[in-house]
Amino acid sequence: MDITEFRKHAHDMVDWMSDYLSDIESYPVKSQVNPGEIISSLPTHAPENPESMEDIMADVKKTIMPGITHWQSPNFYAYFPANSSYPSILGEMLTATLGVQGMIWDTSPAATELEEVIMNWLKDMMGLPKDFYGVIQDTASTASLVAILTARERISEYQINAIGYFTNKYRIYCSTEAHSSIEKAVKIAGFGKEALVKIEVDNELKMSPGKLEEALKGDIMDGLIPCCVISAVGTTGTVAIDPIDLIGDICKRYNVWHHVDAAYAGTAMILEENRYMIKGIEKADSYVFNPHKWMFTNFDCSAYFVKDKEALVKTFEILPEYLKTNADSVVNNYRDWGIQLGRRFRSLKLWFVIRSMGVKGIREKIANHIQWAGELSELIKKDAHFKLHEPQNLGCVCFQLNEAIGENQEKRNSLAKNLMDSINQSGKLFMSHTKIKGEFTFRFVIGNTYVTRKHVMDSWTYIASEASKNLKNV
Ligand code: PLP
């Protein structure tokens, strides 16, 4: 392809992208292909000779599109959102075009310095402490791993980096509702899964500070060494909010690193009325939230904040001769702020989003999502087939079948799963599930960039009518 052809195909691609996004509601939200269907329609070997962009795009339409689940559909309510938006897509296009690898300041000063500025903007927008330092990580999973590794090095006085593990006495703590990435991080960090202590939750599925303190005390008495506590502002299952203020006090008392995972809920801190959820955040050692979930910014873009920048850099720094530059003593070299060396220019899309929507525009969308989630909750409460899980938090609405439906939990769970499968199969909307105390629980998360109140209400009308059709009347 030469530059003239590139220009033509790029224009065609933008037309295709715009058509796709304006027609997105004509696709079934959840892909309806069977396992292996895409593999069997693709050639087993790479083409020897060049193929035309027309042929490639024809195969995108024929083969790839049926296997796409339309995350950007306004009727996508599953998991947590992974939003994009028009300005974010433009930012990604520019990032791809510049093709910058921003591992150090020298390799593109603007990539480093824009990231520093945008992380400071985010602190300000979200009411985070001024003494936090921000850096973009690829995902919250990586950010939590970075936090756990930094905590490990701080408590071991950087000895594990130097000589490897010399004891298996370190302990990491999170609640039974923490995201699976925490257990994964503990395994990757070399602590061993048994070093992870899962603290019981209360009736609202929040970590119990009393149980945490009991565990820390007991472990210390047994000669173990508490290293890190991970709390969640917004658990994955039900968006339960751990009491980070109390947990922060406990961590200070026992000199334990406190990492706060606000992967989804963090964006809601743009609204001052939600900041009670991060009361006490100034006591935390690190904090993560994902603009790539709810802040209209394409995956991947995870905002990680840390108080002790020196501990972070000391954990990850490595300076081979070929990466030394004249600017090293006066700039941030983000290769030392995380795991990977090479880095994409991710702050660009975030800059585009924040400038194009304005903080006000982002705030308004988030407020609407939360408001509609509240309205939907009221409708669920009034429907005899369902029971709302409370407290309902932010844009996530969790609900179950009413106990009168199905003679026992097993029967109810199977009815609920069938109902969800057939709703998702319809292609009209896509929601996901979790289990609370063994009970199948629908999760309906309102957070898509293009969702309107009408989408939410129409989706609910459909869910309610399917329930009336398929479940016994109660
Ligand atoms: N933490 C929480 C609370 C989450 O809900 C999720 C994903 O939903 C993650 C971490 C993992 O996020 P990521 O995909 O950015 O690693």
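The model is predicted, so local features are given only where pLDDT is at least 70 and side-chain atom pairs only at pLDDT 80 or more, whereas totals for chains, interfaces and linings use all residues. Residues are numbered from 1 along each chain as its sequence is written, and side-chain values use heavy atoms, with hydrogens and water left out.

**The ligand**

The shell holds 13 residues, and the closest are Ala140, Ser141, Thr236, Asp261 and Asn290. By class, the shell comprises three nonpolar, eight polar and two charged residues. Here Ala, Val, Leu, Ile, Met, Phe, Trp, Tyr, Cys and Pro count as nonpolar, Asp, Glu, Lys and Arg as charged, and the others, Gly among them, as polar.

Next, display the side chains of Thr236, Asn290 and His292. A polar side-chain atom of Thr236 lies 2.8 Å from a ligand oxygen. For Asn290, an N or O atom of the side chain is 2.9 Å from an oxygen atom of the ligand. For His292, the distance from a polar side-chain atom to a ligand oxygen is 3.2 Å. The ligand taken alone exposes 400 Å², of which the protein buries 88%; these areas come from the Shrake-Rupley method with a 1.4 Å probe. Helices α6 (140-155) and α11 (291-294) are the elements that give two or more residues to the shell. Helices (H or I, at least four residues) and strands (E, at least two) are DSSP runs numbered from the N terminus.

**Two helix pairs**

Select residues 347-382 (α13) and 453-470 (α15): these helices pack at about 20°, with axes 10 Å apart. Helix α13 is therefore roughly parallel to α15, a term for angles under 35 degrees. Axes are lines fitted to C-alpha atoms over the stretch in contact, and angles run from 0 to 180 degrees between N-to-C directions.

Then select α9 (residues 209-221) and α10 (residues 244-253), whose axes come within 10 Å and cross at roughly 15°. These two helices are likewise roughly parallel to each other.

**Backbone features**

Most residues other than glycine have a negative phi, and most peptide bonds are trans. Centre on Phe299 and Asp300, which are joined by a cis peptide bond with omega of about 5°; Asp300 is in the loop between α11 and β7 (302-306). Move to Glu390 and Pro391, where the peptide bond is cis with omega near 5°. Pro391 is in the loop between β8 (386-388) and β9 (396-401). Finally, select Tyr79, which has a positive phi of about 45° although it is not a glycine. Tyr79 lies in the loop between α3 (53-64) and α4 (86-98).

Notes: Near = heavy atom within 4 Å. Polar contact = N/O pair within 3.5 Å; in protein donor to acceptor, adjacent residues only side chain to side chain. Parallel < 35°, antiparallel > 145°, perpendicular 65-115°, else oblique.
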